[in-house]
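Subject: Structure for you to look at

Hello,

Here is the structure I said I would pass on.

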Amino acid sequence: MPSMSTGQEYGWIAISPNLTPAPNEAFAALSHLPRASELKPKQLDKGQEHFEQDRVCESLLTISAAARLGVAGIVDLSSSYHSTTLIHDHTLFSEVQDAKPEGGLILGTRWGAGLRIKVTVHEAQIDGAVNMAAIAAKASLGKIDASFEIQGLGFCDRAIFQHLPPPGKFDQNTLRLIDGCKKKISEDFLKTKKGLTPLPFMIRVVNPAFFDHPVNRARSFLHGLRGIAYENTLSVALERADRTIDPIAVRSTYELLAQEAADNGPLSKQGIEVARRWLDACGIPWKRADE
Amino acid sequence: MTTPVRRVVSQFVPFGIPEEHRLEERRNTLMKESAPKLTTLRVAQTYISSKALARLTGSVGGAGGTVGSNGEEFALRYEALLESAPEIIKYQNVISEKVFAIGVVLELKVKRFSADFKADIYSVAAAASLSGAQVQFERTIMPAAIPVMKNVPDRGTLTSDIYEGLLDGISDVFSSLATTENLEPVAHYRPAAFVFTREGEFYEAVAVCFAASQLAQYVKLEDALKEARARRFDDAVVRATYEFFWPGVKDDEKPPRDARNSAADLLGWERR
């Protein structure tokens with residue numbers, strides 16, 4: 001039996017395993033971020049075995065965070081603050097971590113194969129326990145709209161077709177079929193480890209604020225805006241950020257508005273003015289550095 | 001080994017597939033192409049909201065999904081595919097994936113006249129039979145040579161009979177796909193996501209900050225929305241931010257102190 005992670009493990013999060021074409025092979029989902037070409041999966045240590053762990057990992061994400069990680073699909077963000085994606089990964093994997101983050105973000109990578117099940121609840125608050133059974137029960141009662149996706153990570157076999165849920169709705173019956181599919185895959189692939197290709201399906205990020213709710217994460221952009229308005233370099237702004245601030249969002253703000261060179265390089269005068277105008281437009285007071 | 005690959009050419013209004021790709025498909029129908037190895041299983045039933053549909057169809061110059069007196073339009077898509085690793089294609093604001101695949105795709109475009117049913121394929125099929133919705137469908141089987149579903153049209157108006165036929169047919173397709181050797185994968189395009197940009201994230205964040213500042217100054221939501229429009233902030237984000245701090249928000253009431261203080265915390269302002 002695989003062990004089950006309890007809730008979201010610190011800093012580990014599901015990501016789309018799609019990579020940009022060789023030779024760079026960075027995460028395609030993160031291509032909008034600063035230093036995108038450096039945002040690569042960490043490679044397993046030399047001699048490290050594949051598929052060392054048998055675990056179920058779950059990630060609960062807002063649609064906004066899921067979109068940032070390439071696991072949301074076609075969603076309209078502004079109307080989806082009350083939409084949530086539950087990602088249930090039933091996999092064999094090996095993980096690697098070290099203290100040197102790739103692109104300033106990725107501390108660790110899980111390479112694995114198995115089954116990823118994503119359930120998205122649209123425009124509804126999920127009260128109480130958040131798991132697939134609870135969502136299926138509520139959907140069966142017509143209380144919520146839910147989409148689902150089953151993705152085989154790193155294996156492929158036509159025989160699976162006979163176990164797949166048909167079109168319909170995500171409810172307890174669909175969940176039963178998904179459980180049957182999981183059992184079949186577990187017996188045919190995960191137990192034997194035959195025909196499995198490890199894919200980078202989870203990353204551990206430097207700061208969990210990276211996948212915070214968009215309202216909370218807005219603080220990180222505000223921290224960047226204020227830093228520019230106060231004429232602080234990016235290095236200073238990052239030094240002054242506490243653990244609830246996402247450094248990626250701060251860096252994005254600097255690069256978007258004012259950063260001309262290195263992290264401790266000068267800011268553009270135009271960028272400083274633009275940042276101040278944004279703060280004015282938001283109704284957020286600021287003071288000039290010399291006042 | 002080079003495998004002949006058939007390409008799917010759909011007459012259905014596509015969900016954000018750039019027209020250039022469709023033209024390319026038509027030009028290259030007879031082209032032989034090396035089919036990559038099928039490495040991924042994907043089964044998905046996804047809901048595409050009216051707003052998302054508008055962005056998708058807008059991206060190809062078509063009419064967008066709308067919500068109005070003529071009903072709400074949205075889309076549902078079911079896919080059960082074994083496919084190759086995707087080739088990622090960015091076109092305007094849509095990321096599409098090109099894969100080589102075998103399997104089934106069912107797309108529904110729904111015009112909903114009643115809010116009494118849920119946005120899933122089962123429910124819209126039931127609603128269609130009760131005149132609660134108009135549903136157009138298209139189904140695609142890859143490869144097309146699989147000799148099943150001859151009694152169900154490729155596309156048309158969904159009725160309860162056709163829905164039943166589709167379910168039976170798809171079950172037959174699954175059996176056939178599971179047991180037939182040497183199936184030729186087909187090039188298949190699908191919209192996968194909207195392009196996520198730094199600019200988009202930034203504009204969303206400043207709209208949140210604007211809303212938090214309004215809320216922290218006890219501004220009613222209806223007044224904050226007016227101001228947001230004047231300052232060109234996304235009013236959907238402003239509303240969502242008010243709802244975040246004030247569940248059950250009332251548009252025409254002043255925010256309560258707890259909500260005000262939570263918004264002030266976000267901005268680093270003093271509590272009152």
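Predicted model: local features only at pLDDT ≥ 70, side-chain atom pairs only at ≥ 80, totals over all residues.

Chain A

Chain A has seven helices and seven strands. Read from the N terminus, their order is β-β-β-α-β-β-α-β-α-β-α-α-α-α. Chain A has 291 residues, and 58% of them count as buried. Of the contacts in chain A between residues at least 6 apart in sequence, 75% join residues at least 24 apart. Its accessible surface is about 11,700 Å², with 49% belonging to carbon and sulfur atoms.

Contact between the chains

The contact involves 68 residues from chain A and 76 residues from chain B. Together the two chains bury about 6,000 Å², and 64% of this is on carbon and sulfur atoms. Five salt bridges run between chain B and chain A. One of them pairs R42(B) with E149(A), with 3.1 Å between the closest N and O atoms.

Salt bridges

Over all chains, the structure holds 31 salt bridges. R116(A) and D89(A) form one, with the closest N and O atoms 2.7 Å apart. R116(A) is in strand β5 and D89(A) in strand β4 of chain A, so this pair ties together parts that are 27 residues apart in sequence. Both residues, R116(A) and D89(A), are buried.

A second pair in chain A is E231(A) and R276(A), at 2.9 Å from N to O. E231(A) sits in the loop between α4 and α5 and R276(A) in helix α7, so the pair ties together parts 45 residues apart in sequence. E231(A) is partly exposed, at a relative accessible area of 43%, whereas R276(A) is buried, at 2%.

In chain B, E138(B) and R155(B) form a salt bridge with the closest N and O atoms 3.3 Å apart. E138(B) belongs to strand β6 and R155(B) to strand β7 of chain B, 17 residues apart. E138(B) counts as buried at 4% relative accessibility, and R155(B) as partly exposed at 37%.

Finally, salt bridges with shared partners make one network of K118(A), E149(A), R42(B), R77(B), E79(B), E83(B), E97(B), E107(B) and R190(B).

Regards

Key. Residues numbered from 1 in each chain as written. Chains lettered and ligands numbered in written order. Heavy atoms only, no water. Helix = DSSP H or I, 4+ residues; strand = E, 2+ residues; numbered from the N terminus. Buried < 20%, exposed > 50% of the residue type's maximum accessible area, 1.4 Å probe, protein only. Contact = heavy atoms within 4.5 Å. Areas by Shrake-Rupley, 256 points an atom, 1.4 Å probe, with all protein chains shown as cover. Buried area = accessible area lost by both parts, 1.4 Å probe. Salt bridge = Lys/Arg side-chain N within 4 Å of Asp/Glu carboxyl O.
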